[in-house]
Amino acid sequence: MIRKTVSTVQEALTGVQDGMTLMLGGFGLCGIPENAISELVRLGVKDLTCISNNAGVDDFGLGLLLQKHQVKKMISSYVGENDEFERQMLSGELDVELTPQGTLAEKCRAAQAGFPAFYTPAGYGTEVAEGKETREFNGKMYVLEEAFKADFAFVKAWKGDEAGNLIFKGTARNFNPCMSGAAKITVAEVEELVPAGSLNPNEIHVPGIFVQRIFQGKDYEKRIEQRTVRKRD
Amino acid sequence: MLDKNGIAKRIAKEVKDGYYVNLGIGIPTLVANFVRDDISVEFQSENGVLGMGPFPYEGEEDADIINAGKQTITTMPGASFFDSATSFGMIRGKHVDLTILGAMEVAENGDIANWKIPGKMVKGMGGAMDLVASAENIIVAMMHTNRAGASKLLKRCTLPLTGVGCVKKIVTNLAVLEVTEKGFNLLERAPGVSIEEIQKATEGNLIVQGEIPEMEL
């Protein structure tokens, strides 16, 4: 067994520097690497390019990095619920590359799986396709999209073991498996870190080969953005 | 004239037995409330769940189980969770039978715009560009006119596009229309709405052939 465990979030983020490109898992506030984000804020690293489907909310998730003006560029598909993000983007303080959600996921997966680029129909004929190569296959038009290149990927899982194997819960899975192994170094934080051998190999979502460092996360808030419920009859 | 629930109720009639359906944010989400309960349908949410159920009972919300609108949800027997790449594989690979989404503008050639108002509002496209570029069966759910009273069914979209030539059917508070080579073909009128009212609210070419029935809800 190749051991991937590190004991602290500080150790896990060793090597993160100004100007780096980071991938961060999560959809909205669901499945985000809360511990890694807090440590990025504490480190105060600047001029970051962040690849993440959303940018958190004003006072949580990636919104915390935006508040401190640590982010130079965001690559996201949806920024809806973050006023500070929208303000920084419209004022030109923040460079934003809006990317269709499926393309964003596939650009991660391509980087993980060793594809330099792929064709997708998403965005054909829109401003997303401007300046990109297009090609017809079987009578339909496609846009050539390139794989991401990132320095670090920060992912969050429900359970993980010492070998870096990961299991996710519910829709907190989202972009996390696609980003694992898609950067030079993948750092996984988990709600429950267990000894190798305690997870069933049949139930692993991400094999440990895609993870370089894993640590036991703490103090998860797991905020809910839209609490929707129904009344009991 | 229909309200948002009325539009959702009419669209629910388009949902057939055995369909996998992706519902967008807003009016489309309401469609789930009106689907007949004697047919088998599974709802997909692009953040990574197939087999969505109703909202949870108070106290049973789980931060790890949400839909694409970030709302807490439940799952039905037979549900599954998956990652974002797999989710959009289902969409691009045409495994999802019906996509219902909202729009700011639709053009008579089937173009759709729903993600950006330059200089004013940028929410992002989310999964909309993947959905409209891939799905073969797309229904747009929207009000016929915007808040200022201007038509949302246009000759050409004025806002940045989400997709080209992809919309097949539109259900609004006034009418059901299909996109054809010659423009918007009027299929049904909302209860109590005249053809003249629909004509007045439609900037793009409206085709009216024969008797236009009222919607059955």
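How many salt bridges are there between chain B and chain A? I looked this up first, and the count is 9. A salt bridge here is a side-chain nitrogen of Lys or Arg within 4 Å of a carboxyl oxygen of Asp or Glu. I picked out one of them: the side chains of Glu86(A) and Lys123(B) meet at 3.7 Å, N to O.

A note to myself on the ground rules. This is a predicted model, where local features need pLDDT of at least 70 and side-chain atom pairs count only at pLDDT 80 or more, while totals for chains, interfaces and linings use all residues. Residues are numbered from 1 along each chain as its sequence is written, chains are lettered from A and ligands numbered from 1 in the order in which they are written, and side-chain values use heavy atoms, with hydrogens and water left out.

**The interface**

I stayed with the two chains. I found 49 residues of chain B in contact (heavy atoms within 4.5 Å) with 51 residues of chain A. The buried area is about 4300 Å², and carbon and sulfur atoms give 57% of this. Buried area is the accessible area (1.4 Å probe) that two parts lose on being put together, summed over both. In chain B, the residues that lose the most area to chain A are Tyr57(B), Asp64(B) and Lys70(B), together 18% of what that side buries.

Next I traced an open sheet of 3 strands in chain B, in the order β7-β6-β11, with mixed pairing. Strands are DSSP runs (E, at least two residues), numbered from the N terminus, and two of them pair if DSSP finds at least two bridges between them. I saw that β7 (112–113) and β11 (153–154) each have a single partner strand, so one side of each is left without a neighbour in the sheet. Strand β6 (residues 105–107) runs parallel to β11(B), joined by 2 bridges. Within this pair, Ala107(B) stands opposite Leu154(B).

**One residue, Ala103(B)**

Is Ala103(B) buried or exposed? I found Ala103(B) in the loop between β5 (98–101) and β6 of chain B. Its relative accessibility is 10%, so Ala103(B) counts as buried; buried means under 20% relative accessible area, exposed over 50%, partly exposed in between (1.4 Å probe, protein chains only). Leaving out residues up to four places away in sequence, I listed what Ala103(B) touches, including Ile112(B), Ala113(B), Val140(B) and Met142(B). Ala103(B) and Met142(B) are 39 residues apart in sequence, and their C-alpha atoms are 6.2 Å apart in space.

Conventions:
Helices (H or I, at least four residues) and strands (E, at least two) are DSSP runs, numbered from the N terminus.
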